[in-house]
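Me: I should like to understand the terms applied to this structure. Please set each value against its definition.

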Amino acid sequence: MTLLLLPLLLPVLTGLWFWSRPLLRGTWRRDPAWYVWTGALLLLGAGAAYLVGSLAGASLDPEEACHRAGQPYDRE
């Protein structure tokens, strides 16, 4: 799983570097690219959260979860 997240981490850190430079200099209000970088970082973060959630493997089926835990399933 770490190998899957590593390619996502590099663009996020690069984007964070470019995003924080105008913020630290105080020029973010005059720079429209800062808003583009903010949107890109939010999109990358949402994609990473979606990827981690989709690979988590959790099942919402209670019968399947009980069988995985080694317990019998009771419908009541």
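Me: Why is leucine 3 called exposed?

Reply: Leucine 3 has a relative accessible area of 73%. Buried means under 20% relative accessible area, exposed over 50%, and partly exposed in between, with a 1.4 Å probe and protein chains only. Leucine 3 is therefore exposed. The model is predicted: local features need pLDDT of at least 70, side-chain atom pairs count only at pLDDT 80 or more, and totals for chains, interfaces and linings use all residues. Residues are numbered from 1 along each chain as its sequence is written, and side-chain values use heavy atoms, with hydrogens and water left out.

Me: In which helix is leucine 3 found, and how do you know that the span of this helix agrees with its number of residues?

Reply: Leucine 3 is found in helix α1. Helices are DSSP runs of H or I with at least four residues, numbered from the N terminus. The expected span of a helix is 1.5 Å times one less than its number of residues. Helix α1 (residues 2-25) has 24 residues and should span 34 Å; its end C-alpha atoms are 34 Å apart, so the two values agree.

Me: Where does α1 bend, and by how much?

Reply: The bend is about 25° at leucine 8, and proline 11 follows within four residues. The bend at a residue is the angle between axes fitted to the seven residues ending there and the seven starting there. After α1 comes glycine 26, with a positive phi near 85°.

Me: Which residues of α1 are buried, and what do they pack against?

Reply: The buried residues of α1 are Gly15, Ser20 and Pro22. They pack against α2 (32-54), where contact means heavy atoms within 4.5 Å.

Me: Why is glutamate 64 called partly exposed, and why is arginine 68 called exposed?

Reply: Glutamate 64 has a relative accessible area of 32%, so this residue counts as partly exposed. Arginine 68 has 59% and is therefore exposed.

Me: Why is proline 72 called exposed, and where is its place?

Reply: Proline 72 counts as exposed because its relative accessibility is 69%. Its place is in the segment after α3. Proline 72 and arginine 21 are 57 Å apart in space, C-alpha to C-alpha, and 51 residues apart in sequence.

Terms used. Helices (H or I, at least four residues) and strands (E, at least two) are DSSP runs, numbered from the N terminus.
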